[in-house]
Amino acid sequence: MCGEGSVGVSGPSVNSVGARFYRMYAYFQFSLKLWWSARLVDGMADGTISDRKADHLELCAEGDVGFRETSTLLGCVRLVHDALPDMKASDVDTSLTLLGKPLRAPILIAAMTGGTEQAERINRDLAGIAEERGYAFGLGSQRAMHVRPQTASTYRVRDVAPTALVLGNVGVVQARGMTTSEVRLLLDDAGADALCVHLNPAMELVQPGGDRDFSQGLATIERLVEGVGVPVVVKETGCGISRGVARRLRDVGVRHVDVSGAGGTSWVGVETLRAGAAGDEPSRRLGSALWDWGIPTAASVALLAGPGLRFETLVATGGVATGLDAARAIALGAHATGFARPVLKALTAGGRAAAVDLLAGVEAELRAAMLLTGSRDLAALRRAPRVITGELVAWMSGP
Ligand SMILES: Cc1cc2nc3c(=O)[nH]c(=O)nc-3n(C[C@H](O)[C@H](O)[C@H](O)COP(=O)(O)O)c2cc1C
């Protein structure tokens, strides 16, 4: 099965007694928090946004929230070996310009967090890594900052990442209720270069107390593209973007997308576990049924890179776990690749050094794949010969 290699997340294993003790302690704290959050039923009050973000961090760092059956299908992309690369390994150039800023490698540390003390530490660590290594960095949803301005400092990373490409973040449903100037204020406060507008209807449907009104989404995006004054990247959060949705986005002026496809972190899965812990049986059952819902990352990238759409920026996030995955996504047409949970897991398990180690490994594998396909730069990798196998063939010939 071509998808097998891409399911799940690899990260450093930390087996010391201390680390095991820390994990047990973290689980204990987490159970207490879930017990407490079961009492906070509406999910919308000021405090619960931070509680939910804290649950998300713990579940994603420690819990079993990967897709179960659906893979990214990146394993269906076989890059064709070049036995005569005709260049030095040091000739390989992974640099690019993304959203107007130079990056040393096509790596985005994708949107994760903000709004809590723990989130602030994570944001600062990850933004610092992005600065040092020439990656892009995505802030988590700035909704908490909008509702509780006192959490704004948890999103401020410019002192540790003065030059990195930093992406702000709001959900389309929340943005609908905000003026364009309010969104702009959030971006200015964080010093963001661009805005990610995230789409997450499947997750919201399963989330206890989640949003159920998804109307006016496209109109909201159009308004932001026209008026917010920085590039707008429309991103999913693990269910992928279809060609039909991509066309509608193009029609309202969107030039930048992050597919955030299926096969990595299942956000339905995250909310299913939260619903179960909160004793919300209908949501838990719905979540169990939808756990694997979504368009695999490779399929979404291939569909959006196909004829007629021509996005200026196409980011492949969602279960991208290795440099080989990244190379395959770029060969399908992505400009850059995003990593969320793998980085969080590494950071949680082994601190900043482990996160750097993971990303350095990704870069090394990507460089090797480029050399071995005779691709001197990313433009060449995007044209590199590849063989598409298995289920991905069916997706690519679909609508
Ligand atoms: C702990 C965590 C929190 C996240 N929070 C956000 C968020 O606030 N906004 C957003 O657009 N995406 C958010 N995401 C989704 C990721 O950006 C990404 O689209 C998704 O997890 C798929 O990537 P992965 O398989 O590498 O985790 C979050 C992901 C994680 C792991």
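Predicted model: local features only at pLDDT ≥ 70, side-chain atom pairs only at ≥ 80, totals over all residues.

Modeller: Helix α12 covers residues 297-305 and helix α13 covers residues 323-332; their axes cross at roughly 25° and come within 8 Å. Angles under 35 degrees count as roughly parallel, so that's how α12 and α13 run relative to each other. From α12, the contact uses A298, V301, A302 and A305, while α13 brings R328, A329 and L332. Sorted by class, that contact has six nonpolar residues, one charged and no polar ones.

Now have a look at helix α11, residues 281-290. Its buried residues are S283, R284 and G287. They span an arc of only 100° around the axis, so they sit on the same side of α11. Turn to the other side of α11 and you'll find E281, P282 and A289, which are exposed. As for what covers the buried residues of α11, that includes α7 (201-206) and α10 (267-277).

Last stop, the ligand. It's surrounded by 26 residues, and the closest are S141, H198, G264, A340 and R341. The shell around the ligand gets at least two residues from each of α2 (46-62), β7 (194-198) and α14 (341-372). By class, the residues of that shell come out as 14 polar, ten nonpolar and two charged.

Conventions: Residues numbered from 1 in each chain as written. Axes fitted to C-alpha atoms, helices over the stretch in contact; angles between N-to-C directions. Helix = DSSP H or I, 4+ residues; strand = E, 2+ residues; numbered from the N terminus. Parallel < 35°, antiparallel > 145°, perpendicular 65-115°, else oblique. Contact = placed C-beta atoms within 7 Å. Nonpolar A, V, L, I, M, F, W, Y, C, P; charged D, E, K, R; others polar. Buried ≥ 20, exposed ≤ 12 C-beta atoms within 10 Å, placed from the backbone. Arc of directions from axis to C-beta. Near = placed C-beta within 6 Å.
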